[in-house]
Amino acid sequence: MEKVFSHPKSLRNVSTHYCAGCGHGIAHRLIAEIVDELGIRERVIGVAPVGCAVIAYDYWDFDCSEAAHGRALAVATGIKRVRPQNIVFTYQGDGDLAAIGTNETIHAANRGENVTVIFINNAVYGMTGGQMAPTTLLGQKTTTTPLGREIKLHGYPLKISEMLALLPAVKYIERVSLHSPPEIIKAKEAIKLAFQNQIDNIGFSLVEILSPCPTYWDMPPKKALDWIKEVMMKEFPIGRIK
Amino acid sequence: MSKKILMTGNEAIAEGAIQAGCRFYAGYPITPQNELPAYMAKRMPEVEGVFIQAESELGAINMVFGASAAGARAMTSSSSPGMSLKQEGISYIAGAELPAVIVNVMRGGPGLGNIWPAQSDYFQATRSGGHGDYHSIVLAPSCVQEAYELMFLAFDLADKYRTPAIILGDGMLGQMMEPIRLSAEHRTPNTEHRKKWTLTGCKGRSPNIVKSFYMVEGDLEKFNLTLQRKYKTIQQKEERFESLFLDDARIILVAYGSMARIAKSVVNNLRKKGKKVGLVRPITLWPFPQKAFTYNLSPKTYYLVIEMSYGQMLEDVKLTINGKAKVEFLGRAGGGIPTEEDIMNKIKRISV
Ligand SMILES: Cc1ncc(C[n+]2csc(CCOP(=O)(O)OP(=O)(O)O)c2C)c(N)n1
Ligand code: SF4
Ligand SMILES: [Mg+2]
């Protein structure tokens, strides 16, 4: 009989520390499946962020590096330039990629580093306890916006993917969502393309993933998925950006 | 014998690095070390190495983190304000036990200070600099030839102990031109041991992880104790210094880097006049060369510490001598450099 489903080789058989209903675990698994399917487990080097996914290297079963908060794309640049034959990707939260690491992000993109970026937009800082992120929605309550995000005080949700799309060296950007199985399948296709682009030497590719954080959205997991679809996607429309 | 060529300190450091097998450089422009990245930009492509002008010192040091994790001999350079930005990355490099070489061509501070030579970043270099209980190995060249030579040692020690090594120079050394001999020993750097832990893809082995994060209770303390043992070994084995006339010296000048050249010239002049003066020139600032301070320890001996700062190495000298001899200090910073005359005057005051 043909085997059609199994535990990805690139994912260790351990339980994760993520909250119930968190999107990080799904995104980790998609990456592991893709690494297996592309046959690159022995070539891939992941760069983990500082954020809830800080120990992603305990879940993936391939070579990985840590990076200081926000510096993943500088670290990835160093790795990829030294070992262009390897497949290098970063996995970063919104605080990591679009606040403290904005400079590293924009310049790695502008140099056209041939790396793959997986960007987890959960509209909050998960790891530090639910503070405002650059991507927090207007009106969204967080511990540092107790009355909701306000334009006057906090500015608008930052659309870093759209900003990066303006750079000529950026080759592929897509925003996907984890709110339903069909969307998860589309997310996987986008991530796969972002890896394939690197294999084909096409250049900087980024996939932004709208990902639930039921804990700091203060919602049960099912409601968090609906919130992505009904609220978050209005501000962050999914689809190909570049 | 290879012929002598004329080079600035900054260029000699860059060429030394290349000869020592450095194949990755990332940096951000800042005076007075700009000749160094310019040299690297030209030279790296010739040896199939990587040169990147980074978006900031934060970017540069973290690129070095990645390049080192991927197995290259990697370095960055900067001057004082830029070094402050690199501290985050140096702490992570120490914590992840990565080798890396970081050059600081010091200028005046604090703040933007000015671009004149200074030695005011001694504390930053020899203490942790960034957060956490760590040390970088710190080497202080005092002439262009030595700046070139010490690059070999810096990369070797960084590799051997898997730790950051800092070259602590100053604007005078960086800008000064001197004829030097490129040893061109054609050394092939031994990077064999790196293969065990570097990130190359997990072909034929279990995955490698480069990290400084220890979440499980007790693990970080265990790791810190490992680091401390490593630092103890470095202290036991890697002290280096140059000395002059210690056997009978009554006044011993202590200076490093460019400052030591001026001190040395004073010592040689006074010796010609029969004065019992001597010199200690630390080459490793961390580990601080304690063995250099075991001579003539008596209340009648003076150690005169001379720095282009207001007394930073002074603290290490005092800690080392621990009251067993007298310690005096002469220092200027922010544009001023203690001159031979200043030193002579100070010695006159001490000896009466
Ligand atoms: C230099 C530095 N500043 C602050 C922190 C604290 N910190 C850790 S994770 C984080 C934000 C994480 O948010 P995000 O990147 O969105 O990841 P998430 O946890 O939401 O997945 C912050 C501020 C840190 N580790 N280092
Ligand atoms: S805090 Fe949010 S992002 Fe972090 S693990 Fe929990 S649900 Fe996931
Ligand atoms: Mg987040």
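I started at strand 7 (residues 170-177) of chain A, which pairs with strand 9 of chain A in the antiparallel sense over 2 bridges. Two strands count as paired if DSSP finds at least two bridges between them. I looked up one partner here: A:Glu174 is bridged to A:Arg240 in strand 9 of chain A.

A note on ground rules: this is a predicted model, where local features need pLDDT of at least 70, side-chain atom pairs count only at pLDDT 80 or more, and totals for chains, interfaces and linings use all residues. Residues are numbered from 1 along each chain as its sequence is written, chains are lettered from A and ligands numbered from 1 in the order written, and side-chain values use heavy atoms, without hydrogens and water.

Next I traced the whole sheet, which is open, has 8 strands with mixed pairing, and runs in the order 9(A)-7(A)-8(A)-4(A)-3(A)-1(A)-2(A)-10(B). Strand 9 (239-240) of chain A and strand 10 (209-210) of chain B stand at the edges with a single partner strand each, so one side of each has no neighbour in the sheet.

How much of chain A is buried? I noted 59% of its 242 residues, with buried meaning under 20% relative accessible area (1.4 Å probe, protein chains only).

Last, I checked contacts (heavy atoms within 4.5 Å). Among those in chain A between residues at least 6 apart in sequence, 69% join residues at least 24 apart.

Technical notes:
Buried < 20%, exposed > 50% of the residue type's maximum accessible area, 1.4 Å probe, protein only. Helix = DSSP H or I, 4+ residues; strand = E, 2+ residues; numbered from the N terminus.
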